[in-house]
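Please walk me through this structure, from the whole chain down to a single residue. Keep it short.

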Amino acid sequence: MGVTGSGQRAYIGSFTSAGGAGIITAAVGADSGALTELGRTAAVPEPSYLALAPGSGVLYAVSETEDGAAAALSLADPDEPRLTASALSVGGASPTHLTVAAGQLFTANYASGSVSSLPVRADGTLNGRRLTVLEHKGSGPHPERQEAPHAHAVVADAGWRWLLASDLGTDSVWIYRLNHAGAAPSRHEEVPLRPGSGPRHLAFHPGGDRLYVIHELDSVVTVCRWDAEAGRLEPVSECPTREAGAAGANHPSGLVVSADGRFAWAANRGDDTIAVLALAGDRAELVATVPCGGHWPRDLALDPAGHRLYVANERSGEVVWFHLDPDTGVPRRAGALPAPAASCVVFG
């Protein structure tokens with residue numbers, strides 16, 4: 001249904017219970033960055049977050065359901081992702097994020113407040129048994145959102161020595177030591193952040209010595225120093241994601257960092273804006289906000305070249321792409337692809 005042949009592909013996750021298609025495959029225009037839909041599959045219900053392991057030819061998806069599952073889809077035909085086997089239970093409820101590192105697939109399970117790991121075969125497929133579930137403990141001051149742990153995202157450091165998980169319910173980042181022999185990760189440390197802030201997502205600086213944490217409950221990004229040798233995280237400063245005087249409820253979601261480490265972009269759900277942050281050492285500065293091109297931007301992605309920003313607007317149902325000014329980092333809207341209940345975008 002449209003462009004075929006070789007070239008870059010984008011994969012868009014969406015909420016099937018809200019009218020989403022499941023996973024949409026789109027061609028990416030080489031010069032324009034424009035998305036053209038090629039196909040869709042509803043093989044995985046509620047595939048709210050997707051990930052690719054570089055070079056594996058496999059697309060991974062969480063199934064953000066009460067029972068909680070993860071699935072691997074073959075990209076032997078990049079236009080038609082196909083399940084390699086039935087989705088597997090992650091032993092936790094409502095997984096919202098996943099990553100692949102050190103021979104394992106990790107999921108952050110929001111409703112149950114846990115992190116799960118599933119072994120991955122050499123060919124990238126899941127081997128059919130759950131390795132372990134790591135339960136978080138604690139709560140925060142928000143009576144409705146922080147009554148219990150709510151793990152929201154998991155990322156590995158560049159050396160695949162450590163796994164870091166943000167927990168919105170406990171106002172902390174949990175650090176695990178990875179095991180490359182296939183054993184379960186071991187708990188290393190819980191790093192507290194400001195009470196009531198609600199950590200949601202994490203992104204490393206390309207230099208590997210800083211980590212940025214975006215908070216859903218108070219519209220800030222925390223800049224942290226990261227010591228990869230010791231597995232130590234130190235919060236050092238904060239930066240707002242909205243302009244001074246902005247009114248009304250706002251719940252930041254996605255966060256991405258440029259490959260050269262000069263800028264970060266944060267999504268504001270409520271304000272419906274993209275915040276542009278200038279990065280310098282231990283500090284980040286809000287330099288601009290621009291409209292997200294729709295309503296309720298759930299996630300952001302940079303194209304592999306870093307020239308464009310893609311925004312999954314969940315409630316207005318489209319993926320909007322922006323050209324990025326190389327000097328200022330400010331996005332300029334360039335186009336949109338309809339995608340009901342869009343939740344994320346990844347590139348293959």
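Start with the contacts. Among contacts in the protein with a separation of 6 or more, 46% join residues 24 or more positions apart. This is a predicted model. The protein has 29 strands and zero helices.

Now the overall dimensions. For 348 residues, a compact globule would have a radius of gyration near 20 Å; the protein has 19 Å, which agrees. Along the principal axes, the C-alpha atoms fill a box of roughly 50 × 45 × 35 Å. Of the 348 residues, 58% are buried. The protein exposes about 13,200 Å², and carbon and sulfur atoms supply 50% of that area.

Four strands form an open sheet in the order E17-E18-E19-E20, with antiparallel pairing. Strand E17 (199-204) and strand E20 (232-240) stand at the edges. Each has a single partner strand, so one side of each is left without a neighbour in the sheet. From one strand to the next, the twist averages 25°. E17 pairs with strand E18 (residues 210-215) in the antiparallel sense, over five bridges. Here His201 stands opposite Ile214 in E18.

Finally, a single residue. Val256 lies in strand E21 (residues 251-257). Is Val256 buried or exposed? Val256 counts as buried because its relative accessibility is 13%, and the cut-off for buried is under 20%. Leaving out residues up to four places away in sequence, Val256 touches Phe263, Ala264, Trp265, Leu300, Ala301, Leu302 and Leu309. Tyr60 is 196 residues from Val256 in sequence; C-alpha to C-alpha, the two are 20 Å apart in space.

Definitions and conventions
Residues numbered from 1 in each chain as written. Predicted model: local features only at pLDDT ≥ 70, side-chain atom pairs only at ≥ 80, totals over all residues. Heavy atoms only, no water. Helix = DSSP H or I, 4+ residues; strand = E, 2+ residues; numbered from the N terminus. Buried < 20%, exposed > 50% of the residue type's maximum accessible area, 1.4 Å probe, protein only. Contact = heavy atoms within 4.5 Å. Pairing = 2+ DSSP bridges. Axes fitted to C-alpha atoms, helices over the stretch in contact; angles between N-to-C directions. Rg over C-alpha atoms; globule rule 2.2 N^0.38 Å. Areas by Shrake-Rupley, 256 points an atom, 1.4 Å probe, with all protein chains shown as cover.
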